[in-house]
Each structure stands twice: as structure tokens, then as C-alpha cells.
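Have the sequence and the 3D view ready as you read.

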Amino acid sequence: MIEFVNIEKSFFGVKVLKGVSFAVKPGQTVGIVGENGAGKSTLMNILGGNLQPDAGEMRLNGQPYAPKSPRAAEHARIAFIHQDLNLFGNLSIAENLFIGGFPRPSAWLPFIDRRKIRERTSELLRDLQLPYGPDTLVERLSAGERQLVEIAKALAIDAKLIIFDEPTTSLTARETERLFAIMAQLRERGIAMLYISHSLGDVLRLCDEIVVLRDGAVVGNAPASELPMERMIALMVGREITQLFPQRDTKPEEGIALDVRGVSQPSVARNITFQLHRGEVLGVAGLMGSGRSELARILFGLDPCAAGEIRLNGQLLNGLSPRERIQRGLAFLTEDRRMEGLCMEAAIADNAALVALPRFARGLFGFVSKKKSRGAVRNIREAVKLTASARDAQPVKTLSGGNQQKVVLAKWLLNEPKVFIIDEPTRGIDVGAKHEVYRLINELAARGTGVLMISSEVEELIGMCDRILVMRRGEIRDTVVASEFDRERILRAALHDKAPA
Amino acid sequence: MTTARSNPIGLRLLNQASLILFAVVLMIFGALSSAFFQPANAVNILIQTSSTGILAVGMTFVLLTAGVDLSVGSIMFVAAAVGGKLILSGWSLTATLVVMLAIGGLYGALNAVFITRLAIMAFIVTLATRYLGRGFGLRITETRAMNLPESFYEFGAARILGLPLPVLIFAVVVVLAHLTLTRTPFGRQIYAVGADLEAARKAGINTRWVLFLVYVICGFCAAVAGIVALSQAPAVSPGFGNNREFMAIAAAVLGGTSLFGGRGAVFPGTVLGAVLIQTIDNGLNILNVNPYLYPLITSGVIFLAVLLDAIRNRTLERLNRRRIFVEAETDQPNVKNHCDSSR
Amino acid sequence: MNFVKRLFLSEYLVLGLCVVYFAAFTPFTPGFASWSNLQTILAYCLPILVVSVGLTLVLIVGGIDLSVTSVIALASVVGGKIMSADEGWLAGSPWAIPVGLFAMLLVSAVVGAVNGVAITIGRIPAFIATLTTMMFVSGLAIWLTLSRKIGGLPSGFVMLGQNLWIVAAISGGAILLAHVALTKTLYGKWLYAIGHNPRAAIVSGVPVGRVTFFTYVFSGLFAGIAAILFTAGLETGNPEMARDNLLDVVGAVVIGGTSLYGGKGHVIGTVFGVLFLALVDNSLNLIGLNFYTIAMVKGGVILLAAFTDALRNRFMAGA
């Protein structure tokens with residue numbers, strides 16, 4: 001069906017795919033597993049026409065296949081179901097299926113052939129056992145049902161190969177079951193599928209073959225029956241921990257910086273309890289959608305908290321706004337730098353000074369002392385080792401990802417936080433900048449700040465943390481201390497539905 | 001799931017807020033005056049609504065793409081001024097009307113070129129062309145009021161199938177617009193573009209062309225609105241059409257069209273909004289209320305409608321909040337969805 | 001070339017244009033550069049400038065305020081209703097002027113506060129919220145006076161708008177205040193941050209709701225100050241005052257380089273923008289063009305300014 005031959009791809013000089021080769025036979029379901037950053041998404045984007053490879057080629061039924069756009073992939077009968085679905089909530093199911101090209105009853109009439117698209121859509125919906133009429137608005141559907149609409153979209157173009165990118169992350173258990181049943185039907189019809197997922201159990205259950213990617217290369221490719229869970233995890237993990245992580249000499253102190261007891265919020269978090277000590281780096285592991293980022297937002301006061309207590313150095317934080325929590329010494333580096341971390345159009349200095357501004361302000365009218373804020377920004381720039389070539393007045397958007405992240409760190413460090421929640425601190429930044437970020441985290445801890453570090457990269461957590469909490473489905477499933485760090489144990493707790501024995 | 005999910009009645013009421021407001025207004029006026037519910041009065045309301053209604057229909061197209069057109073009042077004026085000049089210099093009524101319509105379309109195309117090609121915000125572009133148009137129109141009319149010949153008045157007073165012509169034109173515009181928006185590929189693409197421009201592009205929609213046509217349609221509707229207004233009072237005054245864009249926007253918004261694009265409809269939405277505004281005027285008139293109070297009451301009702309819409313949006317937002325796991329694993333929300341979608 | 005490019009990208013581009021325009025038109029425009037004409041330009045500019053500065057704050061925070069001109073009308077009427085010797089509630093009383101001034105500012109601030117509450121708490125889009133208050137407030141002004149103008153204002157009050165020095169002092173003070181607030185204070189820094197990215201501002205501990213609310217109150221207050229100057233200058237409380245100036249004001253602010261997307265703009269730019277439109281208006285008047293031709297030219301100027309701004313942004317992105 002489709003064959004990858006030595007596919008290579010680099011971003012900004014970093015090789016993401018290093019000669020990937022494997023083949024999918026017609027009607028086969030192939031699972032693709034690997035840690036974040038292993039290159040799964042890049043590979044699928046190349047297949048789906050969103051990206052072009054730097055080297056290597058793909059063959060579709062023996063013919064060379066090099067899609068330049070998603071439309072070209074569509075013409076080749078390859079459908080891509082993205083994790084964030086590409087649907088219009090304000091349109092009906094039928095319209096979503098045909099928005100790119102509506103059939104008309106005749107060339108003379110400008111109208112949509114509604115009977116035709118309705119019939120076709122009803123047919124497809126019946127196939128998928130979706131109990132809705134074709135005119136139902138997509139915004140009325142649940143996440144899982146929308147997923148099925150995407151599948152219907154794939155069937156509408158008569159796809160021979162469907163790529164699923166993490167389809168189950170936002171689905172309920174029942175919706176997941178339904179999706180799997182439908183995938184089984186698709187397989188019976190001879191449709192080939194590529195299934196990307198972190199849920200290894202699901203992959204084992206669904207797939208005929210499994211391809212394991214690590215650091216942009218295929219490290220395992222075998223029938224599912226020959227790749228038990230343990231073996232898969234071992235292959236995914238593989239690499240030894242390198243000296244990327246700087247040594248920290250200090251130990252956590254006795255005193256508790258952040259005390260979280262029984263924090264719950266319906267359908268988001270369940271009975272979260274942990275203590276973060278002063279000078280401790282506490283990791284939070286878990287898959288995307290496990291509730292780790294949501295927990296951070298609850299702790300920071302951005303999202304509501306239905307039950308439980310949050311205390312910072314003994315002071316109750318419940319009910320306080322983010323602003324009041326910041327005043328009490330909380331800091332929060334968000335996972336989305338562009339949307340919530342920075343004012344991209346604004347100057348570096350203005351971004352860096354934003355959180356600590358009240359400290360530089362005087363008097364009734366809040367005059368900001370330019371001298372003070374400038375001096376503070378200068379010092380903090382040095383501390384985070386922001387690139388010397390960047391001028392203070394330069395817009396943040398002109399910086400590289402790593403330097404942008406340093407600006408975010410700078411703005412929080414200026415306020416001298418007592419507890420720092422950092423969500424995916426090294427996402428999308430290069431190795432050099434990563435090292436700097438790690439060094440800064442260690443420095444913070446050495447000065448007695450409690451750091452809550454959320455990351456999808458288990459390796460990073462193992463290299464940096466004193467303890468790691470593992471989350472799954474809004475709960476803490478396991479707590480691992482440094483002496484017991486074990487990638488397999490952490491992955492297992494994050495992946496399995498059942499709590500580990 | 002959340003409390004509102006298990007009690008969707010509040011949300012359903014909010015969904016129909018403008019209809020409920022309309023019903024309330026009707027009941028109040030009906031209770032206070034027996035003349036209000038006379039059939040003749042209903043026709044009256046429709047005649048009075050037609051010009052603003054047509055304008056609002058065009059505006060709806062633009063608002064659906066998350067744009068705005070502040071120049072429609074000026075378009076009305078330019079079309080009317082040129083048309084007046086032509087007919088006074090002896091052109092036939094038909095030829096004049098055709099030219100007026102063409103002016104509307106061209107004016108819209110001018111707006112569209114600046115917005116789609118030069119990527120300037122619609123707000124600024126149409127603000128500038130609003131000045132340009134007003135100035136141009138005043139130049140043509142030399143700032144004097146222009147009385148149009150009898151033929152225009154006869155045109156307005158004509159009845160076809162017992163319906164006054166303005167109402168008929170309004171109806172035709174509404175039917176065409178409604179069919180375009182709901183039944184044609186172009187119409188559905190307008191909604192897609194308004195909901196998510198980037199996704200629309202990815203889905204292979206020619207987004208520039210869609211945006212272009214939307215402003216042309218809006219300009220065209222403005223010209224039609226100008227013609228209808230002239231047919232009722234055949235004189236072009238220097239203030240003709242001035243500030244009408246705000247009424248048009250208000251009517252569309254009252255009818256549930258969102259300023260952020262992708263949500264709204266000509267029928268019943270915008271029509272209902274326009275009729276509601278006019279009904280309030282008409283009812284207050286019948287009740288002999290001090291005319292100075294009309295704008296206060298109208299804007300009060302609009303404010304109420306907008307506030308209800310904001311509350312509705314917030315409720316929806318809360319319902320759509322991301323969930324990590326399902327409480328008690330009962331899949332209850334799906335069951336609810338089934339009920340909802342069966343309408 | 002480099003100089004041209006730098007001027008093109010500079011904040012003082014519009015001032016440069018003003019100077020060039022002035023120099024170019026002086027030889028052809030009799031009386032353009034005369035002292036009395038310059039006074040006329042200033043007298044026309046200053047009240048408009050005050051409203052524009054208030055609107056600048058609103059645009060920087062990423063909003064819009066369509067109600068400013070109707071606030072001027074309402075405040076004008078309220079002032080007239082209190083102070084007028086013919087029909088004022090406090091006609092002839094020594095308290096008339098202080099109470100009148102206070103009431104004008106109060107009513108303006110209240111409208112601003114209503115906008116602020118509707119936008120921050122009601123979460124109504126600013127465009128619609130201020131559009132409805134515009135309709136309501138102008139309707140109110142007309143109802144209060146039954147669309148008559150109110151004359152007979154006390155001379156002490158009239159002086160505020162007719163002595164150019166006093167007008168300059170009042171408006172200059174207001175403008176300076178806004179400038180200082182914007183560039184030197186916490187409020188100003190927060191304003192820009194919210195305009196750039198409200199979500200990042202919330203996460204960074206900026207009191208977004210409060211700052212936004214007060215920005216609309218300030219916008220109302222500045223319209224109130226302008227109302228005092230207009231009303232005193234024209235010696236009438238007029239329910240249709242400034243009715244046609246709304247888009248002038250928005251246009252001037254945009255010419256001055258303030259972005260409708262928020263986060264970008266400054267008081268000085270607005271000063272230049274208002275000045276430029278006033279120069280255009282005045283010079284074309286002097287050479288005897290009709291007001292409608294002037295309106296067309298103004299429209300063209302606004303379009304050109306927006307186009308230039310789009311070009312500049314493209315340049316900046318490339319640089």
C-alpha cells in the first residue's frame with residue numbers, strides 16, 4: 001500500500017527524522033509508538049502532505065507519491081484525522097463532509113444538491129452507527145462523535161489509508177470502545193490505517209504491526225504478537241540519560257512550600273494531594289490530557305477548584321485571584337508560550353518587567369521607576385543568559401524559541417517566587433537553551449524555591465527531579481522518589497488504565 | 001456533567017432570546033392598544049421595515065465573515081444622488097434603477113479590494129469610504145435636497161398581488177439571501193470562513209473570493225435599500241442614509257448574528273431583528289408615546305438582547321470546557337445530546 | 001535612502017507630514033500661516049484632541065468606544081440644563097458653574113462606567129456595547145432638550161471655551177495627564193500588556209478587568225472635558241453637538257498610528273493625527289473648497305494612513 005524509504009527531515013538544522021523506512025500492506029493496521037519528539041507527527045505530516053521530506057521517498061501502490069498539499073493527499077485517497085479536528089462547529093455534519101466541493105444537481109443551478117449530500121451522509125453515519133441526522137450541527141456533538149465525523153469525512157473521499165493521530169485523548173471510555181469497533185469494521189473493508197497513540201494497550205489490541213520510533217529512527221518493527229508491552233517500552237526508552245542535566249548539590253529542605261490537599265474539580269481533577277518542599281524539584285509526569293496542565297491552572301487560580309485546600313507557606317490560597325497568588329509568591333510558566341506566556345509584539349524589557357512591575361512603582365499614581373526597572377531587567381537578562389545581541393526594545397517575537405522562554409523565566413524570576421510551577425519548560429527549544437533552563441531551575445531550588453515541574457519528557461523529569469508524581473485521568477497514580485526512578489514504572493503508571501499493583 | 005448541562009432549559013430559552021423579546025413586545029403593545037393587532041398595521045410595520053431590513057440583510061453577509069461595513073449609509077446616499085440626477089435629466093426609471101444597483105455593487109467591490117487585497121481592516125476601510133461616499137454624494141447634489149419625479153412615488157405605491165412594492169422587494173431580497181446562505185456552496189462557505197478563516201483555507205475554500213463577494217452583496221443591498229427608501233419618500237436630502245449602518249448592525253445583532261463571525265441568519269434572525277426595532281417604533285407611535293423616548297426604549301431593548309446573548313455565550317463556554325475524565329462514567333452528556341438534536 | 005526609511009518607520013512620520021503639508025500649502029493658501037488662522041486651527045483642534053486621547057487609551061487596551069461623541073452631546077445638555085440663565089435649574093446661583101462642571105464630568109464618567117461594566121462584567125463585545133450606549137445617550141440628550149439648543153450660559157463658564165489660553169491649559173493638562181499615565185505609570189504599562197495579549201496579562205497578574213473598566217471611564221471623562229470646551233466655546237448646550245465627529249476622532253487616532261488590534265499607540269501620535277486632519281481641513285477651507293470635497297479628502301487621507309501603516313508593519317516584519 002504505502003512504503004516509506006529513507007525519509008529524512010530537519011527543522012532548523014535539527015534532524016527530526018533520520019532515514020525512516022517501513023511499509024504498510026493494504027488493509028493492515030499499523031501502530032506507531034514512541035516518546036514525544038520521536039518524530040511520529042512529523043512523519044505523518046509528510047504522509048498527509050503538510051510537510052515535504054528533505055530526502056527519501058514514499059511509494060503508493062508502487063508509484064512514487066509526493067503530496068504537496070493536504071488536497072493532494074486527499075486525491076491520493078489518504079485521509080488524516082488530526083488530534084485537533086478540522087471541523088466547523090457552525091455547519092451541519094453533511095456540510096462539513098463536503099465543504100471543499102459541494103455537488104450540485106445540475107451545472108445550471110447554484111444550489112447544493114442537498115438530497116445527495118444528505119443521503120450520502122446518512123449512509124456514512126449509519127455505517128459508523130452515529131445516531132444523528134445529516135443536518136445536525138457539529139457543535140452539538142461530543143468530542144468522540146466529532147472524531148467519527150472526521151472518519152466519515154475520510155470515507156466520503158473513499159480513503160484507502162487513514163491516519164489517526166492520538167484519537168482517544170479526549171474520548172470517554174465508551175466513545176473509545178465505539179471508535180475501536182468502527183476501526184475494526186474499516187479494517188474488514190480493506191482500509192489500511194496508521195494509528196499513533198501513547199496508549200500502548202490500545203495499540204496492542206488494534207494493530208497488526210507495530211513500528212517503534214525513537215529519536216527519528218525506527219528501532220523496532222514487528223507484528224503486534226511479537227512486541228509485548230514491556231518490550232515496546234524498553235524500545236521506546238532505549239537511550240541512556242546523557243549529561244544534559246546539570247548536577248544540583250542542594251537537598252530539599254524540611255519546610256513545606258506548597259501544600260495541596262484533596263483538590264478536586266468535577267471531570268478535571270480528583271482528590272489531588274501532595275506536598276512540595278522548599279528547595280525541591282517535584283516532577284509531574286503524565287500523558288497529554290492526563291490533567292497535569294489543568295492541575296497547574298487550578299493551583300494558580302485560573303480554573304475553579306471545587307474542593308480541597310491549597311496552601312503556600314501555610315497561607316490558604318483558595319479563592320484568591322492569580323494576581324493575589326502572585327503577590328504571595330506563586331509563579332506559573334504556562335505550556336503555551338505564545339498564547340499565555342508572552343506579549344509577542346511587545347518589547348523584551350516590557351515583557352520581562354510585567355509581573356514585577358508593582359515592585360518598581362511608587363506613590364498613589366503608581367509611577368514606575370524607569371531606573372529601577374531597567375536595572376532589574378539588565379540583571380535578570382544576565383542571570384537567564386539571554387542572547388546579548390537582543391536589544392531591550394526589540395519585540396519578543398523576533399527571538400528564537402529558547403530565548404523567548406528565557407524571557408518568560410526572567411519575568412517570573414524578577415518577582416522572586418517562593419513556588420514556581422513550570423509547565424513544559426523546554427517544549428520547542430534547542431538543546432543549548434534546554435541546558436540553560438535546567439541550570440536556572442537548579443539555581444532556583446538551591447535558593448529554596450519549590451519547583452513543580454510538569455513535562456511530557458520523562459527523561460527530563462528523571463534528570464531534574466527529587467520526586468515524580470504520575471498523573472492519569474485527573475488523578476495521581478503513583479509517586480516515585482529519586483532513588484527509585486525507573487522509566488518503565490513511570491510510563492506504566494501513566495499509560496495503564498489500572499493503577500499499578 | 002455540569003449543572004447547566006443537566007438543565008438545558010435555561011440555555012434553550014437563551015437561544016431564543018430575541019424571539020421571546022419579540023413576543024413580549026407584541027404582548028405589551030397588544031395589551032395596551034387594540035389598533036396594534038390590525039392587519040393593516042402589520043403591513044404598515046413591514047413597509048416601514050423594508051429599507052432598513054434590506055440594509056441589514058446585506059450587513060448580515062458581512063458580519064457572518066467577522067467583518068463590518070460602516071459605509072452602507074453612504075452607499076445608499078451615492079446611489080440615490082446619482083439616481084436622482086439621472087432621472088431628473090430625463091433617464092427612464094428602469095435605466096436609473098439599474099445604474100443605482102450597479103453603483104452599490106461597485107462601491108462594495110471597492111471596499112472589498114482594499115480589505116482583501118491590501119489587507120486593511122474592514123472597520124478602517126469602510127470608515128474611510130464612508131467619508132468618501134458622503135462627500136461625493138454631497139458634491140453631486142450640491143448639498144441641496146432633490147425632489148424626485150412622480151414616477152418614483154408611483155413605483156413605491158404600486159401593489160403587486162395586493163402587496164406594496166417595498167414589502168415585495170424586501171421579501172424577494174430576504175428569500176434570495178436566505179437561499180444563498182443556506183442552499184448554495186458559496187453561502188455555506190461564508191459560514192466556514194467566518195468560523196475559522198485558517199481552517200477554511202485548509203479545506204480548499206477560496207477565502208479571498210468569498211470575502212470579496214460578501215462586500216459586493218452588502219453594497220448591492222445598500223443600493224436596493226436606498227431605492228426602497230426613495231420610493232416611500234421620493235426626495236434625496238443631504239442626510240439621506242446617514243448613520244443607517246448602525247441601525248442595520250443593530251438589527252442583525254438583535255437577530256442573533258455574532259460580530260465574531262460564523263453565527264447568524266437572515267431568516268428569521270435579521271428579519272426578526274429589523275421588524276422588532278420597527279415594531280417598537282410603531283407600537284410607541286400608536287400609543288402616542290413621546291417620540292423623543294423611542295430611541296431610549298429601542299436601545300434599551302437592544303442592550304437587553306445583547307446582554308442575553310453574552311450570557312448565552314458564557315453558558316456555552318462553560319459547557320464546552322475541556323474534561324479529563326467522565327464523572328461516574330455514565331456517558332450522560334451523549335444521552336442529552338440525542339434529545340437536543342432531534343429537533 | 002536610509003534616512004527616508006527611518007523617517008518612514010518613525011513615530012514622528014505624521015508630524016513630518018504635518019510640517020511638509022504646512023510648508024507646501026502656505027504659499028498657495030492665503031492666510032494659512034497667519035497668527036489668527038493658527039489660533040483658529042488650535043481652537044478647532046484642542047477639544048477634538050481631548051476626546052481622541054481618551055479614545056486612544058481605549059484602542060490601546062484593544063477596545064473601541066463609539067459612544068464618545070454622544071457623551072459630549074449629553075454632557076453639553078446637562079451643563080446647559082444646570083447653568084443656563086434662561087432655563088437652568090441653578091440659573092443665577094453662584095453654585096451654577098461648579099455644580100454644572102461637576103455634573104458634566106459626572107454624567108460622562110457614568111456613561112463610561114456603564115460601558116466598562118457591560119464590557120468587563122457583561123462580556124458584551126465593545127463595539128456593540130458602546131453602540132447601544134451611543135444610541136441611548138444621544139436619544140437621552142435629545143429627549144432632555146426636546147432637540148432645542150440651550151442658550152444663556154453664564155459668562156464665567158463661556159470663558160472656559162473662548163479664551164484660547166484657558167482652552168489650551170485645560171486640554172493641554174488633560175492630554176499631558178494621559179501621556180504621563182500611559183508612559184510613566186503602572187496603569188499605562190498594564191494597558192499595553194492587556195492590548196497585546198489579555199490572556200498573558202491575566203496570567204502575569206495584571207488586574208485586567210479593573211484596568212479595562214477604568215479605561216472606559218477615562219474615555220467618558222475625556223469626552224466630558226471636551227464637552228465643557230465645546231459647550232463653552234459655542235455658548236450653547238446642544239443635543240446634537242459633535243454628532244458628526246465620531247469618525248473624525250477615530251480617523252485621527254488611527255492616522256496617529258494607534259492600532260485597532262490593541263497594544264499599539266501613543267498620545268503624541270494622536271496629537272499629530274488630529275493636527276494633520278485639522279491642517280487638511282483648514283487649508284482646504286481656506287482655498288475655498290466645499291466641505292463635502294473636504295470630507296472626501298479626509299476619507300482618502302484615512303485610507304492612505306491605514307495603507308501606510310500596513311506597509312510599515314510589513315517593513316518592520318521584514319527588518
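## Chain C: helices from end to end

Chain C has 14 helices and zero strands. Here helices (H or I, at least four residues) and strands (E, at least two) are DSSP runs, numbered from the N terminus. Written out from the N terminus, the elements of chain C read α-α-α-α-α-α-α-α-α-α-α-α-α-α.

How does the radius of gyration of chain C fit with that of a compact globule? For 319 residues the globule would come out near 20 Å, and chain C has 20 Å, so the two agree. This radius is taken over C-alpha atoms, and the globule rule is 2.2 Å times the number of residues to the power 0.38. Along its principal axes, the C-alpha trace of chain C spans about 65 × 55 × 30 Å.

Of the 319 residues in chain C, 57% count as buried. A residue is buried if 20 or more other C-beta atoms lie within 10 Å of its own, exposed if 12 or fewer, and partly exposed in between, with C-beta atoms placed from the backbone. Among contacts in chain C between residues at least 6 apart in sequence, 77% join residues at least 24 apart. Two residues are in contact if their C-beta atoms, placed from the backbone, lie within 7 Å.

Residues are numbered from 1 along each chain as its sequence is written, and chains are lettered from A and ligands numbered from 1 in the order in which they are written.

The model scores ipTM 0.86 and pTM 0.85. Chain C averages a pLDDT of 89, and 97% of its residues score at least 70; pLDDT is the predictor's confidence in each residue, from 0 to 100. Which elements of chain C have the lowest and the highest mean pLDDT? The lowest belongs to helix H1(C) (residues 2-9), at 69, and the highest to helix H5(C) (residues 96-120), at 96. Where pLDDT is low, the predicted coordinates should not be read in detail.

## Where chain C meets its partners

Let's begin with chain B. Here 32 residues of chain C are in contact with 37 residues of chain B. On the chain C side, the elements giving two or more residues are helix H6(C) (126-145), helix H12(C) (246-255) and helix H14(C) (291-318). H14(C) gives the most, with 12 residues. By class, the chain C side of this meeting has 23 nonpolar, seven polar and two charged residues. Ala, Val, Leu, Ile, Met, Phe, Trp, Tyr, Cys and Pro count as nonpolar, Asp, Glu, Lys and Arg as charged, and the others, Gly among them, as polar.

Now for chain A. In this case 17 residues of chain C are in contact with 23 residues of chain A. Helix H9(C) (186-196) and helix H10(C) (198-203) each supply at least two residues to the chain C side, and H9(C) gives the most, with six residues. The residues on that side divide into eight nonpolar, six polar and three charged.

## Chain A: helices and strands together

Chain A has 18 helices and 22 strands. For its 501 residues, a compact globule would have a radius of gyration near 23 Å; chain A has 25 Å, which agrees. The C-alpha trace of chain A spans about 75 × 55 × 50 Å along its principal axes, and 49% of the residues of chain A count as buried.

## A covered strand in chain A

Is strand E13(A) (residues 281-285) mostly covered or mostly open? E13(A) is mostly covered, with five of its five residues buried. Val281(A), Gly283(A) and Ala285(A) point one way from the strand, while Leu282(A) and Val284(A) point the other way.E13(A) pairs with two strands, where pairing requires that DSSP finds at least two bridges between them. With strand E20(A) (residues 450-454), E13(A) pairs in the parallel sense over four bridges, and Gly283(A) has Met453(A) as its bridge partner there. Four bridges also join E13(A) to strand E21(A) (residues 467-472), again running parallel, and in E21(A) the bridge partner of Val284(A) is Leu469(A).

## A closer look at Ser264(A)

Ser264(A) is found in strand E11(A) (residues 256-265). Ser264(A) is partly exposed, because 17 other C-beta atoms lie within 10 Å. Ser264(A) and Pro304(A) are 40 residues apart in sequence and 9.5 Å apart in space, C-alpha to C-alpha. Leaving aside neighbours within four places in sequence, the contacts of Ser264(A) include Ala269(A), Arg270(A) and Ala306(A).

Conventions. Predicted model: local features only at pLDDT ≥ 70, side-chain atom pairs only at ≥ 80, totals over all residues.
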